[in-house]
Amino acid sequence: MSRFALSIAGVLAALSVHAASLDVQVRDASGAPLADAVVYAMPASGPSEARGARSAEIEQIDREFVPYVTVVQTGTAVAFPNRDPILHHVYSFSPAKSFEIKLYSGKSPREIVFDKPGVVTLGCNIHDWMVGFVLVVSTPYFARSDSTGHARIAELPAGRYELHAWHPRERSSVAPQSIAVEGAASSAFVIDAAPRRPRYKPPLDRLKY
Amino acid sequence: MARAPRDRNNPGMASLGTRLVLFFVALVVLVQGIGAILVIRSNGEVAREATDQALEQGERVFQRLLEQDRRRLEQSASLVSADYAFRQAIGTNDIGTIESVLRNHGARAGADLMTLASLDGVVRADTMEVSRVGHPFRFPELLDAARDSGKASSIATVDGRLYQVVVVPVLAPEPIAYVSAAFEVNDALARAFGQLTGLAVSFVEADRGGQWRVEASTLEPGLRSQLGPALAAAGGTARVGEIGLGGEAYETRLSTLATPGPSRVMAVLQRPVAEALAPFRRITATYFALTLAGLALLVAGTLVIARGITRPVRRLADAASRVQEGDYRRHVDVQRADEIGQLAESFNHMLDGIVSREAQILRLAYEDPLTGLPNRAMFQEQLAKAVDAARAEDGHAAVLLFDMDRFKAINDTMGHPVGDQVLRDVAARVRAALAGRETLARLGGDEFAVLLAPGGDERGARAAASRILAALEAPVAVEGQAMDIAASIGIALFPGHGDDAPSLMRAADVAMYAAKRAKSGLALYDPRADERRREHLTLLGELKRAVEAGELVLHYQPKISIADGAVEGVEALVRWRHPVRGSVPPAEFIGFAEQAGYIGRITRWVIEEAVAQCGRWQRAGLELRTSANISARDLRHGDGLVDFVRGCLEREQVPAGMLRLEITESALMDDPKSAQSALARLRELGVTTSIDDYGTGYSSLAYIKQLAVNELKIDRAFVSGMEADQRNAAIVRSTIELGHNLGLAVVAEGVETDHELGQLRRFGCDFAQGYHFARPMEAAAFEAWLLRRRAEAVPGSVGA
């Protein structure tokens, strides 16, 4: 079914002319739509010179990183505004980007520039349950699946790409797909991801922090 | 009697008491024993249950402790894993910092070993062995478990030591590594657990070969080495069981510890059975002590009760022994209201009964029921005592023996009731006549005896005898008739006439017969009479010979008709011409022959000879009616006598009327019935009969009247006493009248004087006999006398 879908998507992509868009449907191993999956297309011709947005924001709302998963192009500076009335201490020990922003509130004291591709796991030194992910990719063509498992990479120039999929709880990495994009194209991925286990989060009204 | 003392001294009390004690002791021992078995068994069960419970509780506590330790380790590991600097050090792979943090936290938590492993299971830091770094983590399964559930723990061996191991992931905030904290499970830990659980705690590990290795234990080293083999022997799988260690039983429980791997580490929780049993041992000891105390009380109480029973019983037994020995007088002194009291009362009643019955038996044994006098047995007993006493004191004793001269006649003619009345009368009279110190006894029949002691010398005896005779002088009144009951008394004295009671009795008997013969009323024992008696014995042989050898001869005494002086007949009297002694008077051998049962032979000889003489005289022309004497004994065999008489008469061709048979009145009275029928037969034969010695036999008129007799012969005693005593004359006269009234001829015997003859003639007496006319003479002499008389007395000079 998915292969059948893939082949149709390939045909549709081949039909697009200049600027096209790529719709990717992501499902988990059981066939259910998978949210928070990242798809990104690497031009077959090599790293793209095209540059997307150079800044991003990851908020802390109600003691959670929002969004849970963020995709940025290499070199993007990310701000971590604190929307909570309490302090947060954002850190990452990930090899792609190790940093920490010590206790702060309100506006992010500084922006962090993610200059290496890779996965950066975000945590809060105060709130153990807070977790967030930043996938740093060296392409401007990427998207994140919504709750229906749908991800759309818009304004994708026609051409050949290597399409990658990633999920923070994937049990194994997913093989990239080679696709040719012409006009509107679509693709699909199946990612075997562990379900998101909500970590215990003490209710606010009980813990006056 | 022989066993009586033993019975008394070793009384039934002991055995009864012992039996009671044994019974109750056995009962209590049985009941208490069953109780003890139940108690001990249930104690054991309870102890075991308690032990099981203690072990179960201990196990729960133990597991809880282990859990707490695990939590402590987890916390420690979690703490270190959450340390920002630590995570930063991991993130930056700062090994030095990592190790120092691990050591720091390990020391803080008391962990013995801290290890950091990468997500792919490689050791990156180890507080104990640096060489482990770069090698795989020992318990990869713990890592997996920790990743999945946030933490994992196990008890496992590391380098031969047992550890409790906890693994937690290091979150940043996603897992970036694993921290493992472990502490050694050693003796100190076992001791700590042991103190908290109150059990012996050991940690053992089973290897693949089924061997059990003790990793840590509260047990002493000596016992510790036995635990492994003991567990192996117990199968190792048993959760609960009893194991012997060092000679002591341990209730054992195996508690499996969480081990994800193949190694089987278990906790061995033990409790000495003795410890659980200890309180029950105390209870059991108390139980036995109480039982023993109860037994002691029981024995004491039973003995007291038994004594309460046996003491009066012993008293009863003693009383019974006294009774056995003949003492009935003392009552048993047991005053109780219970059954024993009733028994004692019954016993006393029984004693009274025995006393009264014994008195009655004694009376029956020693008393003559008719007269109430002592009987022969008692008399002999008393005589023997008196003789012994007299012998001992040089005293005297006398036996007076007497019977009634004519009692038999009274008894036979008047009947026994009358005879009994006479005897009672006699007894009463004699008793009244005696002073009271004497013993009067009825020996049997009409025979009485008197014992005189003291005062039993000759003078006293004679005086007593005289009093008795005087008392019996007066006739007894029997059925309106006065009857004379003259007695003959024989006296025997001690010392002198016998050495003992039997010889004295015999001597008195001899004397009594002597008195009878002599008609003297009383006679003192005369040893010569006894001699005569002995002579009689030789006499018997001689008498038999005499009959055959013709030593007996008949003498004839004429019987004279008083009216005309004619010789009416003769009385044939037997004489014994003894070749040595000469002529023996009939008194000396007739009585003897009667006693010896030989009189019949003599009587026949006499009759035969008399008939023969009568026949000779008849043939010679002398018509002499011939009389022969027969005894009482001859009448008893009346038929034989009659036949014999007939034979003699026929042989000699003598008419029966020529023979007269004389029988004494006393002989008639001896056996009146035989006499009556014999006399009747003789009369039928034609033989005339005569009552001899009339007046001595106490015959009644009624009796005489019935007898077929022709003649009465008045006893010489009356005839010869006529001159001296007018009363005798009166008797003679009345007898003559009596005889005539009965149609009998009357003959007076012993006529010696003219005066007597004259009186007899006046009285109307028919015939007379006596020396006045002639002595008894041999036939030839008689014939001569008769011829001379006939020649002299033609006119019949009998008269005047």
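**A sheet in chain A**

Modeller: In chain A, β3(A) runs parallel to strand β7 (residues 76-79), and the two pair over three bridges; strands here are DSSP runs (E, at least two residues) and helices likewise (H or I, at least four residues), numbered from the N terminus, while two strands pair if DSSP finds at least two bridges between them. Within this pairing, A:Glu57 stands opposite A:Ala79 in β7(A). This is a predicted model, in which local features need pLDDT of at least 70 and side-chain atom pairs count only at pLDDT 80 or more, whereas totals for chains, interfaces and linings use all residues. Residues are numbered from 1 along each chain as its sequence is written, with chains lettered from A and ligands numbered from 1 in the order in which they are written.

The pair belongs to an open sheet of three strands in chain A, in the order β3-β7-β10, whose pairing is mixed. Because β3 (55-57) and β10 (112-114) of chain A stand at the edges and have a single partner strand each, one side of each is left without a neighbour in the sheet. Neighbouring strands of this sheet are turned against each other by 30° on average, direction ignored, with axes taken as lines fitted to C-alpha atoms (for helices over the stretch in contact) and angles running from 0 to 180 degrees between N-to-C directions.

Elsewhere in chain A, strand β8 (residues 88-93) and strand β9 (residues 98-104) pair in the antiparallel sense over five bridges, and a hairpin of four residues joins β8(A) to β9(A). In that pairing A:Ser92 has A:Phe99 in β9(A) as its bridge partner.

As for confidence, pLDDT (the predictor's confidence in each residue, from 0 to 100) has a mean of 84 in chain A, where 87% of the residues reach 70 or more. Over residues 1-17 of chain A, however, pLDDT stays under 50, and the model has 31 contacts beyond four places in sequence for that stretch, a contact being two residues whose C-beta atoms, placed from the backbone, lie within 7 Å.

Chain A also touches chain B, in a contact that takes eight residues from chain A and twelve residues from chain B. On the chain B side, helix α3 (residues 84-91) of chain B supplies the largest share, five residues.
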